[in-house]
Amino acid sequence: MCPPHRDDERQSKSAAPSADRAPANRGPPFPPAEELQRELSRVPRAVLAHVVDVHCHPTDSDFAQTSAFVARELPLGRICAMATRRSDQKLVADLARAHPDKVVPCFGYHPWFYHWISLTPAASKEAHYRQLFLPDPAAAKPEHVAAFERLLPYLPDPIPLSDVLSDVRARLTEFPNAMLGEVGIDRVCRIPYASPAEPPYASSASSSSEDAGSGRELSPFTTPLEHQLAILEAQLALAVELQRNVSLHSVKCQQATGELLDRMKGKHGAAWLGISVDLHSCGLSAQTWQQLSKRHPNVFLSLSTAINARSPAHRALAAACAPDRILVESDFHDVRLSAPYTWHMLRTIAEVKGWRVEDAWDEAYEDAPEEEWGAVRRLEENWKVFVRGGHAEREHVKRKRRRDKAIEDWEAGEQSD
């Protein structure tokens, strides 16, 4: 999920996203949307029908218009529609019911809204938020106390985590093909001085003078990472229990994300490898990704023009990723731009990888050997593997574990002697 940015914010390392902001006022990344649409118009529909946008937010826009476009004009084979907070879980479900062959529903709660969730029933609204943002009153700076008093009236009553999990469980159970998403952790997002928006979030953001151009004014507060992890790990445990794949958000959390994945693998064992996890709009360094992917055969990454194309680092990341672990997405709120943005990233990956891009698709191509596959076919096969799950431990990891065990046994023998 990507926040809107002004042009000057795109160049600023200090610019921070805020919670409860829809990707509405964001100017299109490079190249402009009109150019992407022209590029897409030259692609045969038979080819586009095999492309999957693995992460987008279509219900952030007007529902009736979105549903009509999906029914009549969406050229892609599938879109994975993300939920992010309590008010859009039903919208994602409704879109999936209306278009079961086109929409993969994804249910879950996004880290930008984790401060709205209490780990246990809260004594009061104020007590909940004070514990998050001013845990040590004696050490609190006066300006933070003033900021808290200003922020509190905007904040909703907290939702118990048990209610969140019941909601997500019910949604996932209703839709056997549903994923958990969008969930994750985020060290950057600051809480805005604004009441929660009502759907469609893109329209409510663009119609607000407070949001025009730069988004809402931000408080100094971020949600503590330990609170985020408690909520995320509870949702991931549900995904493991129900064997559902995951779309994972991670911003400025490279070490924490690696530790989280290690912890989940250690805790859930084979059941963890039964599901697939997509690091969406992945912002890891190429080196971090290579290390992480070796330890976690069930983890994939997806790239988006809307987010990743803002930095040239995404090309190095695409180059470093194994050809069978990469996916594409739009991460966009307007379903009319889902295909153009996804196709642009597909072409970028193809260029980096040296893959040809198909200009036709027929029955004979379905039986083509792997060495003849183009970028669309390769990414479609990756999606199928992602959906199927059931990943096996990589052989080099098994060898390392056997070697470590042998060393431990030898050291134990030496000590006993």
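This is a short tour of a predicted model, stop by stop.

**Before you start**

Residues are numbered from 1 along each chain as its sequence is written. Because the model is predicted, local features need pLDDT of at least 70 and side-chain atom pairs count only at pLDDT 80 or more, while totals for chains, interfaces and linings use all residues; side-chain values use heavy atoms, with hydrogens and water left out. Helices (H or I, at least four residues) and strands (E, at least two) are DSSP runs, numbered from the N terminus.

**Stop 1: two crossing helices**

Select residues 338–353, helix H16, and residues 375–388, helix H18. Their axes come within 10 Å and cross at roughly 105 degrees. Axes here are lines fitted to C-alpha atoms, for helices over the stretch in contact, and angles run from 0 to 180 degrees between N-to-C directions. H16 and H18 are therefore roughly perpendicular to each other. The cut-offs are under 35 degrees for roughly parallel, over 145 for roughly antiparallel, 65 to 115 for roughly perpendicular, and oblique for the rest.

Now show the side chains. H16 brings Trp343, Leu346 and Ala350 to the contact, and H18 brings Ala375, Val376 and Leu379. Contact means heavy atoms within 4.5 Å. By class, this contact has six nonpolar, no polar and no charged residues. Ala, Val, Leu, Ile, Met, Phe, Trp, Tyr, Cys and Pro count as nonpolar, Asp, Glu, Lys and Arg as charged, and the others, Gly among them, as polar.

**Stop 2: the largest cavity**

The structure holds four cavities of 30 Å³ or more. A cavity is a set of points, on a 1 Å grid over the protein atoms alone, where a 1.4 Å probe fits but cannot get out; lining residues have an atom within 4 Å of a point. Grid points are joined across faces, edges and corners, and a volume is the space filled by probe spheres set on the points.

The largest cavity has about 60 Å³ of space. Select its lining: His50, Val51, Val52, Val54, Leu327, Val328, Leu346, Val376, Leu379, Glu380 and Trp383. Which element gives the largest share of this lining? H18 does, with four residues. Strand S1 (52–56), strand S10 (326–329) and H18 each supply at least two. By class, the lining has nine nonpolar, one polar and one charged residues.

**Stop 3**

Most residues other than glycine have a negative phi, and most peptide bonds are trans. Go to Gly181 and Glu182: the bond between them is cis, with omega near 0 degrees. Glu182 is in strand S6 (residues 179–186). Next, find the cis bond from Pro199 to Pro200. Pro200 lies in the loop between S6 and helix H9 (201–206).

Move to Gln243, not a glycine, yet with a positive phi of about 55 degrees. Gln243 sits in the loop between helix H10 (225–242) and strand S7 (246–251). Lys252 also has a positive phi of about 55 degrees. Look for Lys252 in the loop between S7 and helix H11 (254–268). Lys252 is exposed, at 64% relative accessible area. Buried means under 20%, exposed over 50%, partly exposed in between (1.4 Å probe, protein chains only).

**Stop 4: two last residues**

Pick Glu233 in H10. Is Glu233 buried or exposed? At 18% relative accessibility, Glu233 counts as buried. Beyond four places in sequence, Glu233 touches Leu260, Arg263 and Met264.

Finish at Ala319 in helix H15 (residues 313–320). Ala319 is partly exposed, at 48%. The C-alpha atoms of Ala319 and Lys353 are separated by 6.2 Å, though 34 residues apart along the chain.

Notes. On a 1 Å grid over the protein atoms alone, a cavity is a set of points where a 1.4 Å probe fits but cannot get out, and a pocket is an open set with protein on both sides within 12 Å along at least five of seven lines; lining residues have an atom within 4 Å of a point.
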